[in-house]
Amino acid sequence: MNEEILGTVQGHRDGHGFVVRDDGERDIYLPPNEMRAVLHKDKVQVRVARYDYRGRPEGRVVEIMERPDQPIIGRFLQESGVWLVAPEDKRYGQDILIPSNATGSAKVGQVVVVELTEAPALFGQPVGRIIEVLGEVDDPGMEIEIAVRKYGVPHIFSDECLVQAKALPETVRAADRRQRIDLTDIPLVTIDGEDARDFDDAVYCEPTKVGRSKGWRLLVAIADVSHYVTTGSAIDVDAYDRATSVYFPRRVIPMLPEKLSNGLCSLNPDVDRLCMVCDMLITAKGEIHAYQFYPAVMHSHARFTYTEVAAILANTRGPEAAKRSERVQDLLNLHGVYQALLKSREERGAVDFETTETQIVCDDNGRIEKIVPRTRTEAHKLIEEAMLAANVCSADFIEQGGQLGLFRVHDKPSLEKQEILRNYLKAMGVAMSISENPSTREFQAIANATKDRPDAQQIHTMLLRSMMQAFYTPENSGHFGLAFEAYTHFTSPIRRYPDLLVHRVIKAELLGTHYKLPALPAPGEAEAKLVKRLATRVVEPRQKPRKRAQAKEVQAWEAAGLHCSANERRADEASRDVEAWLKCKYMREHLGEEFAGTVSSVTTFGIFVTLDAMYVEGLVHITELGGDYFRFDEARQELRGERSGIRYGIGARVRVQVSRVDLDGRRIDFRLVRDSEDGVMAAARQGKGQRDDSRGRRDGREEAARQDKWSRRDAKADRAQRNAAATPAAPAAKPAAGKQNRKAAKKAMLQGVNLAALEAEYAQERTPARPAQLDGVPAGESAAQAVPAGVKSRKSVRGKSVPALLLPDPASLPKNAVKPAPAKRAKAADAPGEAAQSGKAVAVAKPAKRKAR
């Protein structure tokens with residue numbers, strides 16, 4: 001217990017806190033008196049003082065090692081003549097005193113940014129000064145201003161960056177077209193959502209011959225951001241610091257200045273733009289037969305929305321198709337290659353869970369008008385498949401060239417998550433399970449086998465939650481969810497820095513050079529936390545040892561990957577915080593109203609319910625579930641009443657009332673409407689189509705009978721008390737000992753009970769309730785397809801199998817536009833192909849299937 005441990009303080013709104021240990025061991029509890037001298041996010045050294053009855057450690061702060069230089073956002077208040085700021089983030093736990101000469105121009109009630117001048121102490125509050133006034137708490141967009149500062153999101157471009165962006169040209173210059181393929185006559189189009197803010201990808205497809213069989217030629221053109229954002233420039237430094245664009249309702253904080261993100265690098269219709277092209281040949285089975293990369297100049301011939309494309313594909317003779325008659329056949333070709341890629345996905349067994357995504361619709365003042373579900377159409381899936389195919393080719397091209405770059409890695413579930421999932425499937429009576437070394441195909445097989453069950457949503461949610469988070473790293477270990485051996489991000493360099501790095505690596509490979517990552521800042525707090533999480537990865541050794549000369553360069557790429565992954569999570573947290581604030585503000589207008597909902601999550605302290613009409617999630621605390629004692633069943637992921645047997649599991653249908661909204665804590669509390677208990681009880685007795693436990697159906701019926709018995713006893717006792725209160729009280733029996741006195745007391749009690757009313761009520765209650773119906777909407781991320789692997793040796797393509805219109809002149813291609821693979825990785829093709837253009841053979845690199853590693 002004398003060991004001193006390093007860690008980071010994580011405060012709690014109730015006044016206590018925890019120390020998240022650097023070594024990844026169990027967190028250490030800090031009581032409120034210890035939290036008086038420290039602040040949330042402080043780096044401290046603690047010593048374990050004692051252990052509670054459950055063996056959980058309680059600590060004492062020995063020394064504060066580091067205090068992050070991060071401002072605090074809060075409300076400016078005055079109490080008893082004292083100026084103070086109440087932090088918006090309740091994990092700080094203490095108000096900050098503001099001297100009268102440090103208030104600036106702030107007015108009472110406004111949201112301000114505070115810089116600490118004096119640290120807190122055991123007998124003194126922290127002191128600070130106001131450095132920025134954000135405005136009134138109800139100002140439109142205030143929740144976004146709070147979030148970007150709360151999470152440290154960079155939102156102001158440096159002066160050097162803006163000067164450099166201003167000096168960029170307005171259009172594509174003649175000098176920029178050199179050493180590029182002219183694709184301006186190819187009808188590339190963009191397909192995005194109605195609210196899209198930037199257009200970084202365009203597509204085109206046409207049927208062709210792949211060997212002797214029918215296939216498709218798919219072009220994916222991506223904005224060439226790397227042409228304008230050079231390595232180490234002022235724009236590059238700011239882009240790396242942000243690492244990603246952050247999307248909020250009605251506002252976006254871009255990674256690049258607006259002149260690039262909405263101008264030069266946005267593939268707007270009817271203008272020429274520089275791009276990087278992934279040119280692919282895809283078989284009828286959805287396999288990537290060949291691909292090549294080259295820089296080009298393109299001209300977007302149309303800007304489609306997902307809604308338009310879905311309507312045209314559904315009815316090629318409808319009004320939408322009539323407006324775009326010249327592009328209808330191109331869209332049908334895109335749909336054809338999409339159908340082929342779907343076959344490849346099914347063959348791979350990639351995970352494909354359908355989810356219900358929501359969209360917040362705001363008014364002019366930034367307040368929520370309504371929350372509506374996003375409909376995922378064939379158009380969404382079509383573009384997703386095309387982008388994933390290009391990403392797979394990018395990863396394969398980098399790996400075959402021996403270049404260092406950032407891969408998008410998704411590990412298989414951890415051992416702990418695998419065990420939880422196995423126990424859950426067994427408890428729910430699912431005949432299938434996962435192996436000791438699970439594959440993606442096993443997860444998809446379970447999803448397909450259970451899709452028609454009443455509790456399909458519950459099972460699919462657990463399958464999804466067993467998955468790990470993806471991240472960026474130079475060490476390729478594949479993408480588990482998508483069932484790819486190599487995968488990276490190539491298609492969004494406007495909004496993701498890793499994509500920009502991938503473009504630079506591909507260009508270096510085309511020119512026959514080696515891209516070297518510039519000196520970048522050392523990983524910070526977010527990256528350090530991510531390193532701890534990644535330390536628990538379960539990855540089979542598959543990478544060859546690198547030379548010592550590369551070790552330093554690999555470390556630089558690892559730092560860049562950690563930085564980009566951590567900032568991606570930071571952006572997600574900031575976006576969720578704003579959405580939670582807006583939803584809380586929205587639900588304040590519905591206090592006291594009742595809604596139907598579905599249990600979306602179960603914890604030891606209650607159930608989370610998502611409302612059907614609002615798509616808003618709130619907590620029903622365990623104390624609101626009734627007088628029964630509820631235990632959390634980890635195997636089944638449900639709360640179960642000990643006496644009544646009532647079960648609350650994922651997917652259960654309930655009816656709730658909005659009882660409380662905490663805007664500062666971003667929390668919505670529901671109260672369970674008691675009429676819904678009968679429906680839940682009926683669902684529990686029916687067992688949702690499964691046996692209650694492993695002892696068989698007989699034991700399940702016996703247990704249900706015992707539950708009914710206890711329910712009738714409780715109901716009878718409650719009615720007896722109510723009837724006793726409603727009728728004149730009988731003379732109370734004098735307290736005495738012995739059997740005679742007990743009989744007398746019982747007789748006196750029965751004299752005060754209206755037995756006729758009691759029996760009538762009891763008979764009415766025994767009428768069986770209708771069982772609650774379960775919604776079956778699974779959740780997850782759709783997977784997509786392409787099968788990259790080792791690049792085969794070059795082949796020529798005969799005759800008209802590849803249209804000459806789309807084939808770039810070999811003399812104009814960069815040196816290594818098509819890179820042959822090592823002979824040992826080559827594999828004989830099923831149908832050799834050739835290409836001819838004015839008598840010149842055009843080689844296209846062809847990926848071959850690899851065995852699973």
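**View 1. The whole chain, a predicted model.** Local features here need pLDDT of at least 70, side-chain atom pairs count only at pLDDT 80 or more, and totals for chains, interfaces and linings use all residues. Residues are numbered from 1 along each chain as its sequence is written, and side-chain values use heavy atoms, with hydrogens and water left out. The protein chain has 19 helices and 35 strands (DSSP runs numbered from the N terminus: H or I with at least four residues for helices, E with at least two for strands). Of its 853 residues, 51% are buried, meaning under 20% relative accessible area with a 1.4 Å probe, protein chains only.

View 2. Strand β20 covers residues 357-362 and strand β21 covers 368-374; they pair in the antiparallel sense over six bridges (two strands pair if DSSP finds at least two bridges between them). Look for I360, which sits opposite I371 in β21.

**View 3. A sheet of three strands.** This open sheet runs in the order β27-β28-β29, with antiparallel pairing. β27 (630-633) and β29 (647-649) are the edge strands, each with a single partner, so one side of each has no neighbour in the sheet.

**View 4. β27 next to β28.** Four bridges link β27 to strand β28 (residues 638-641), again in the antiparallel sense. Pick out F632: its bridge partner in β28 is L639.

Terms used
Buried < 20%, exposed > 50% of the residue type's maximum accessible area, 1.4 Å probe, protein only.
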